[in-house]
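Here is a short briefing for a first look at this structure. Keep the sequence and the 3D view side by side as you read.

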Amino acid sequence: MDRHANTPLMWGILAAVVAFLYVPISVLMALSFNDSGLPTVWRGISLRWYGALWHNADILSAAGNTLIVALISTAIATVLGTLLALGVEQRRRRGRALEALIFAPMIIPDIVLAIALLSFFSLTGVTMGLHTIIMAHVVFNLAFVCAVVRARLKSFDWSIVEASSDLGASGFTTLRRVVLPVLMPAVISGALLAFTLSVDEFIIAFFTAGAGRASTTLPMQIFAMIRFGVTPEINALAALVMAVSLIALTLAQRLNRGGVTAP
Amino acid sequence: MKAPLLSLRGLSKRFGRVAAVCDVTLDIAGNEFFALLGASGSGKTTLLRMLAGFEMPDAGQILLDGQDIASLAPNRRPVNLMFQSYALFPHMSVRTNIAYGLEMERRPRAEIAERVAEMLAVIQLDGLADGRPDQLSGGQRQRVALARALIKRPRVLLLDELLGALDKKLRTAMQLELKRLQHEVGITFIVVTHDQDEALVMADRIAIMKEGRLLQCGTPHEVYEHPVDRFAADFIGVMNFIEAGRGRSLAIRPERIRLFPETADTITEGRVIARAYHGLDLQLHVQTALSPRPLRVRVTSDAADRRPVAEGDSVTLGWNLADTRMFTDQEETP
């Protein structure tokens, strides 16, 4: 296997794949700095489109909404997902059915989840708005946080929990002083992942936002704007969203690798 | 005899259909070093976990100073356990690990600092107090685990597979250290081990467990010299068995067999098929007509020097009947 890795052909294929993945994104980023208002005419580097974003009230309000949804749904999902992971891993004998139930929101197509949640909210007569988007995002974020924390728990040394209890700690003290500090890298990593997913989630937010512009999130705003054509402003916005996601994901990966490991 | 500190009464525990511990009744005195000895699956660890509070007995009582503690949660018992894996908190320094138990008791800060410093001096890890557990060697980790449990001054300290993970030299040093601590601190130690040498060296009394039951309990001398049955005889130390007919076997310890005896109750001839020098003594495997397995013989280097033997030599062995024991053969249960 190894001797193929250095042939020019392999390097060529690698380059093609990388180009396929990243050239569109690079073009988008480059165009977001284009001074020209036309997508195909290059007129030099400028930050004017980033500046324009600051003066667009619709975009600012949508960005605010996205931040509210992402922060609150991440916070709720992180607490519940961590506790769920601990509960499931501590009582392993519950069987496969529970496993499937927990993982389902990660696998169910977004569109199905979106329709289901919409039906659920209209059936129960809940007025839709930011709070319904938050609830909807908690549904899938919970599954992702739980998955990340559970992965860490596979190598968790449960005897330290018993040791803590043996030394006189109550269950809550053990959670606070022993379990959570050891799991913290995974918990934060799960939270960052959830935040990233929530920031650029479109379909579910679109279905559960309800009528009116008050609860428009950033992806919904971009979708609305793009119907009138791709403007450099959207390129700038997309570049910003990507930067935020990239930073969060990098942090998440760092934490998961460099975390405290039990001997 | 004065009232026992710890008294187990008819303690039983089942896991599904397996009886892990079966009707164990046992008294342990204050300041005693007590060893629970048994093969894996003999129930010794389950018994220890019931004493620590991690398993609830199905039946029976655990009396500590006459009080039944069987249903108390682990954090409410004046009993501490040193885990086989040490179970040190990986995110805390050595100092914080040791202080943890006192913090749980909400002791004043000054008292905690003082007692931790004292304990660090005892385990001779003052210099590493601010290091993390993963920066320590196995022996150092064990000392931290011991200090963390000892600092609570428990009535009873439980030790799971005491020194299993350590190399031989460190082990001997720790054994002596533990004995010293036992006398200095005045704590009752209950040790679980599958290592019979360790039990013989360390313990005031030994309990041998088999299939969840207490097979024999006594001083190291008693269990070594007067095993109750063939299993116990085979389990503690090395034992030669010679078939004596009618389902019975004669058992004799290697050190009771003499080489070229002048007088002896039983004398037999054999050929040395293996020879191993151990410094203090010489161990021989001698094939005789008495048993299909060669007899294991242990002679002092002193005696061996007087009349050297080599592999292949013919030798005369002898022993006195007073040094032998007769056992009824048992069905070997796997």
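B:Leu36 stands opposite B:Val192, a residue of strand 8 of chain B. That pair belongs to a parallel pairing of strand 3 and strand 8 (residues 188-193) of chain B, which holds 5 bridges. The model is predicted.

**Strand 3 of chain B**

- On its other pairing listed here, strand 3 (residues 33-37) of chain B runs parallel to strand 9 (residues 205-210) of chain B, joined by 4 bridges.
- B:Leu37 has B:Ile208 of strand 9 of chain B opposite.
- Which residues of strand 3 of chain B point one way, and which the other? B:Phe33, B:Ala35 and B:Leu37 point one way, while B:Phe34 and B:Leu36 point the other way.
- All of these residues are buried.
- Because 5 of the 5 residues of strand 3 of chain B are buried, the strand is largely enclosed by the rest of the structure.

**The sheet of 6 strands in chain B**

- The strand order in this open sheet of chain B is 6-7-8-3-9-10, and the pairing is mixed.
- Strand 6 and strand 10 (213-218) of chain B are the edge strands. Each has a single partner strand, so one side of each has no neighbour in the sheet.
- On average, neighbouring strands of this sheet are turned by 20° against each other, with direction ignored.
- Helix 4 (residues 138-150) of chain B packs on this sheet. Helix 4 touches strand 6 and strand 7 (156-160) of chain B.
- The direction of helix 4 makes about 175° with that of strand 6 of chain B.

**The sheet of 4 strands in chain B**

- Another open sheet, of 4 strands, has the order 2-1-4-5 in chain B. Its pairing is antiparallel.
- Which strands stand at the edges of this sheet? They are strand 2 (18-28) and strand 5 (67-68) of chain B.
- Each of these edge strands has a single partner strand, so one side of each is left without a neighbour in the sheet.
- Strand 4 (residues 59-64) and strand 5 of chain B run antiparallel and are joined by 2 bridges.
- B:Leu63 stands opposite B:Asp68 of strand 5 of chain B.
- Helix 1 (residues 44-52) of chain B lies across strand 1 (6-15), strand 2 and strand 4 of chain B. Helix 1 runs at about 65° to strand 2 of chain B.

**Chain B as a whole**

- Chain B has 9 helices and 18 strands.
- Its C-alpha trace spans about 70 × 45 × 35 Å along the principal axes.
- Of the 334 residues in chain B, 38% are buried.
- Take the contacts in chain B between residues at least 6 apart in sequence: 64% of them join residues at least 24 apart.

**Where chain B meets chain A**

- How many residues of chain B are in contact with chain A? There are 20, and they contact 17 residues of chain A.
- Strand 6 (79-82) and helix 2 (94-104) are the elements of chain B that give two or more residues to this side.
- Helix 2 of chain B gives the largest share, 3 residues.
- The side of chain B that touches chain A has 11 nonpolar, 5 polar and 4 charged residues.

**Chain A as a whole**

- Chain A has 11 helices and 0 strands. Along the sequence, its pattern reads α-α-α-α-α-α-α-α-α-α-α.
- The C-alpha atoms of chain A fill a box of roughly 70 × 65 × 30 Å along the principal axes.
- Buried residues account for 34% of the 263 residues in chain A.
- Among contacts in chain A between residues at least 6 apart in sequence, 79% join residues at least 24 apart.

**A helix pair in chain A**

- Helix 3 (residues 57-90) and helix 10 (residues 218-226) of chain A pack with their axes 7 Å apart. The angle between them is about 150°.
- Helix 3 and helix 10 of chain A are therefore roughly antiparallel to each other.
- From helix 3 of chain A, the contact takes in A:Asp58, A:Ile59, A:Ala62, A:Ala63 and A:Thr66.
- From helix 10 of chain A come A:Leu218, A:Met220 and A:Gln221.
- The residues of this contact divide into 5 nonpolar, 2 polar and 1 charged.

Terms used:
Residues numbered from 1 in each chain as written. Chains lettered and ligands numbered in written order. Predicted model: local features only at pLDDT ≥ 70, side-chain atom pairs only at ≥ 80, totals over all residues. Axes fitted to C-alpha atoms, helices over the stretch in contact; angles between N-to-C directions. Parallel < 35°, antiparallel > 145°, perpendicular 65-115°, else oblique. Contact = placed C-beta atoms within 7 Å. Nonpolar A, V, L, I, M, F, W, Y, C, P; charged D, E, K, R; others polar. Buried ≥ 20, exposed ≤ 12 C-beta atoms within 10 Å, placed from the backbone. Pairing = 2+ DSSP bridges.
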